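Colleague: I am new to this model and would like to go through its packing with you. Please show the structure before we start.

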Amino acid sequence: MARNRYDVDEQLETPFDFTHLKRSFVYIKKYRGKMVLSLVISILSAITGLLAPLLTKRALDVTIPDKDYKELIILACALMGFNIISVALGNIRSRIMTVVGQNIIFDIREDLFAHLQELPFTYYDDRPHGKILIRVINYVNSVSDMLSNGIINFIMEILNMIFILIFMLIVDVRLTLVALSGLPLFMLVMFAIKKNQRRAWQDVSNKSSNMNAYLQENIVGARITQVFTREEENAEIYDELNRKYRKSWMRAVKFSNLVWPATDNISTIVRAALFIVGLLVLNPATVSLGTLSAMTGYASRFWQPIMNISNIINNFINNIAYLERIFETLDTPVTITDKEGAVEMPRIKGNVSFENVTFGYEEGIDVLKDLSFDIKAGQSVALVGPTGAGKSTIVSLISRFYDISKGRITIDGVNISDVTLKSLRSQMGIMLQDSFIFSDTVMENIRYGRLDATDEEIVSAAKTVCADGFISLMEDGYETQVNERGGGLSGGEKQLISFARTLLSDPKILVLDEATSSIDARTEALVQRGLAELLKGRTSFIIAHRLSTIRNCDVIMFINDHGIAESGTHDELMAKKGAYYELYTAQS
Amino acid sequence: MFEFRWLWENMKGSRRNYIIALCLSVLCNGLYITAPYFQSKIIDNYISGENAIENLKNDRSGLLWLIAGMIGFTFIRTVFQYTCNMYYETASQGMIYKIRTHLFRKVENQDIAFYDRFRTGDLMTRLTGDLDMVRHMVSWVIKGAVESIALFTASMVYFFILDVPTALCILALTPFIFIIRRKLSRYAGPAYRQVRECSSALNTAAQENISGNRVVKAFAREEFEKEKFRKRDEQYRSANIKAAYVWLKYQPFIDVIAGSLSVVLLLVGGIFMIKRHLTMGQYVAISGLLWAVSNPMRSIGNYVNDFHRFVASAGKIIEVYYFAPMIVDREDASEPAERLRGDIEFKNVSFSIEGKKILDNISFDIKAGQTVAIMGATGSGKTSLINLIPRFYDTDEGEVLVDGKNVRLHRLHALRKNISIATQDVLLYSDTIDSNIAFGDTSLDEEYVRKCAELSCASEFIEELPDRYDTIVGERGVGLSGGQKQRISLARALAVRPSVLILDDTTSAVDMETEAVIQKSLAEGLDFDCTKIIIAQRISSTRKADKIIILENGRIADIGTHDELIKRDGYYREIYTLQSGEESERQVSAVGT
């Protein structure tokens, strides 16, 4: 799939059916005991509701004409009793269903989040992050009521309907048929509305997703907007997205709001038909007036559940647009995953070899072709070459961030696709170009490298990379709160923190991808000294442009044109007077 | 209530629609009360009444008229209802649109301090979930409350007309509802604020996990992240349940009281009827309309509940809505006649963030067209210094002058339009490369975009991308290497043809060969005049500068040209020696250039 932008709708191809709802039963199943209990309670409550009018009827027909004060008081007390019982039952049901509803969305969100953790980089690279976020938070919230109370109410109304239908059939079959004749009409109208409605709500979810994706990018990139004084222009783009959203919303409610009036009108027509058929068409002799009176009463009551059901379905359709998106995310295939029967990576010694590795991010465009090399445990390897030649790609492949299309990569002779990802990656220390800082303390940000590290170990790691100096000068030292955007940290400082994080993880293979690019030269020199100690006995891959960093490496590989153009030690390559020599001397 | 005044303020433009909607909904409820009229008339006249059989024989057209009336009346009523709902939607969407656009502009125009204070996930919550709560308030809660009040009042008036004592007995129950409502109010507020906080924390956790997905994978921290998220999700869940339980604690009392209406009617009405004070007809009329009193009573709890959710959310929105940036145009600020020349001067500038001194007594000047390099250790204040020029921060003491005029006397917009920065942290939009480069000036033609890409040595790799300039880069430019991103960012900065070009460590991830080419094109290839300020770590980037400023702990440690500085002891010579170790090895080629 092509990358998605903020202003492009994400197309959804699956046709509408109730499979999404069926599928959501997986989440409901867990709570079916409680759901059934709630249903039983609802039925009990409905029965008390039916009994109450009997008391009133008795009072009006018998007690009051008899002037029986005592019985009147008894009846009032009984009515009060029914009232309290019905409220209590309702309350218990609400308590149960609140928990069930919250649990269901909790479960869905857990699954969604867990699945997102398994998805590869490409998933995150291919769409604005705001679009992912809104699914995890807002969409999941939207479906909670539908999957808890919605379903119970639906069943209740169906039962109600069947119940009344039976009564109607007992009273008069012919009139029942008249009452039922509204159903096909109802179905027809609902079907027409539903078709448009579903598409309209999908459009709403798309438009809101677009709008929020743009919003998120603008929050993250507010500085850039200000640097380029694009405030007004961006605001206009947002206005446009906002307008589109409003338009789609208005279109959707145009259909949604039709459902209730349509049902109301049909129900009235059916009652009218009952009067006409009962009073004028059928022979009054065969239809007693009592029957007709009862039938019209039942007909109104028969349509009440239908109206409620149409409302519930209406709600379902609105929310299914969200459910579809959630399931779509859950269905996104995890491309990089543990092979069946994958074993734990044994403790890594550090021999890394690439055997005829071919890889491309997109089909048909190979970034690396037939790449082979052998690195012995403990060696340090520098990758140099023009930007975009594939240096970062090579190091990402070692951690199996992407799967290669041909060849194999082994560590200590073990094919990395045969071992579990966790056992592989947890032994590697990768410091990426982007140093991401979590909203937490500096201490916790470093601890991310090894969760059970003591505070002392953290400080010592920070000292090794010369981060201790500036951290100590911060307001609360290691306990200073920083946030995702760095919160007052300079680029170099962020790198040092993420550097410390990587070192703390005590990796067997260390990958430094431009790890020190934003750090000043003096600090870097100090860091180098600290590192030298640390690198002993570990295999390391270093991508850097500073010669001081590169020069001392055991192996220097010059990457160009899908592969290694030359490799050797610094002296060897200098003597060779090839690409490396040129690069080295090109400057100044 | 300030929140309501705020809503009213934002309803400008939609007020007429909203008032129409409110009136219509009162009308519809009135129609709803009278809805059973036709049916009961039919039943009375043609089915159960004394003259039913005769009427049916003699007055069939009357029956047909009643039936037509029933259908027609329902139709009219539903048309009104539909129109009314659409008016509500139009008005509430109009208002939300207005608030949303205002918020967006607010969020966009803040100082750096704002972004440090509000996390992305938190701002997202405010502009999504919270805003939806406001919409719910306007299109649902207020509507419901107005309808309830109308319904309640109308039917109570009707009851009083029918029979005063019975009506009084029914009304006597309402004070209890208000007592419970007040209690509910007291606890519902804090509960919903808690829900609101948890929702924001959940949002932040998810947002950072998504943005930081590479780090998560690099450290194989998926399980840890799931655990972290689960904790937040659990808190969110329990806050929600707690808030619902506050409501469920009081709701039964309200429901029982509302339900007692029928008990009161049965008892009081029964007694009155026995005493012949009340007729059967009156009783039936009251009992038939009792729902119009009990339903509003029941729903009062819902409204209180929703109201507190609204207040919790609106508070969060209003905070951002009125958040004023400190750095704004001064009244006496002026718009420069044309393009700035690019003279820059710092006069005794001191600057601190949250009491921490960042820059201390900085003075220097740069003539238009000069190239100045700034060097110094990590955290020495380099980025802060350049941030003072486009006034991303204001100085504590001293002044920053551009073209001889204090930056505070320039219109902010005009000032920033003349300055462009290639920032340290490269942030690209999920958009095409072309749009990313033309970010500062969307009217730019394709040719110039290409030219800028060439100047920043980006054209080569762009040409190799599948869709070239139309390739969509992911958020933060993921999918591109660090050096590639930096070069696009440089092209973006060049594309606006600034008077002052600031490069904040822009070529750190670019290989040296490319860097040399970029430097050359910056020195010779630009088709506009500009002052260049370069923050760099490499001597190779700074040696040709007209002036090199060395910062140490926020102070200027030294100023001079490359040749001057290498003669003196200090940071520059130290770095020079460090880096020229490398250089000495390629002395041959260094000579003569």
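Predicted model: local features only at pLDDT ≥ 70, side-chain atom pairs only at ≥ 80, totals over all residues.

Colleague: Which helix of chain B gives the most to the side that touches chain A?

Modeller: Two residues are in contact if their C-beta atoms, placed from the backbone, lie within 7 Å. The contact takes 141 residues from chain A and 142 residues from chain B. Helices (H or I, at least four residues) and strands (E, at least two) are DSSP runs, numbered from the N terminus. With 25 residues, the most to the side of chain B that touches chain A comes from helix 11 (residues 222-274) of chain B.

Colleague: How do the residues on that side of chain B divide into nonpolar, polar and charged?

Modeller: Ala, Val, Leu, Ile, Met, Phe, Trp, Tyr, Cys and Pro count as nonpolar, Asp, Glu, Lys and Arg as charged, and the others, Gly among them, as polar. On the side of chain B that touches chain A, the division is 60 nonpolar, 51 polar and 31 charged.

Colleague: Which residues does B:I437 contact, leaving aside neighbours within four places in sequence?

Modeller: B:I437 is one of the residues that touch the most other members of the largest core. Leaving aside neighbours within four places in sequence, its contacts are B:V449, B:C452, B:A453, B:I488, B:A491, B:R492 and B:A495.

Colleague: What is the orientation of helix 2 of chain A to helix 3 of chain A?

Modeller: Axes are lines fitted to C-alpha atoms, for helices over the stretch in contact, and angles run from 0 to 180 degrees between N-to-C directions. The axes of helix 2 (residues 32-66) and helix 3 (residues 69-118) of chain A come within 9 Å and cross at roughly 165 degrees. Angles under 35 degrees count as roughly parallel, over 145 as roughly antiparallel, 65 to 115 as roughly perpendicular and the rest as oblique. Helix 2 of chain A is therefore, relative to helix 3 of chain A, roughly antiparallel.

Colleague: Is the crossing of helix 7 of chain A and helix 7 of chain B left-handed or right-handed?

Modeller: Helix 7 (residues 182-220) of chain A and helix 7 (residues 120-162) of chain B pack at about 140 degrees, with their axes 10 Å apart, so the two are oblique to each other. Their contact has 6 nonpolar, 4 polar and no charged residues. A crossing is left-handed if the near helix is turned anticlockwise from the far one by less than a right angle, and right-handed if clockwise. This crossing is right-handed.

Colleague: Where is A:D506, and is A:D506 buried or partly exposed?

Modeller: A:D506 is not a glycine, yet has a positive phi of about 50 degrees. A:D506 sits in the loop between helix 16 (491-504) and strand 9 (509-513) of chain A. Because A:D506 has 16 C-beta neighbours inside 10 Å, the residue counts as partly exposed.

Colleague: What separates the C-alpha atoms of B:V264 and B:C169?

Modeller: B:V264 is in helix 11 of chain B and is partly exposed, with 19 other C-beta atoms within 10 Å. Leaving aside neighbours within four places in sequence, B:V264 contacts B:C169, B:I170 and B:L173. B:V264 and B:C169 are 95 residues apart along the chain, and their C-alpha atoms are separated by 7.3 Å.

Key: Residues numbered from 1 in each chain as written. Chains lettered and ligands numbered in written order. Core = buried A, V, L, I, M, F, W, Y, C linked by C-beta atoms within 7 Å. Buried ≥ 20, exposed ≤ 12 C-beta atoms within 10 Å, placed from the backbone.
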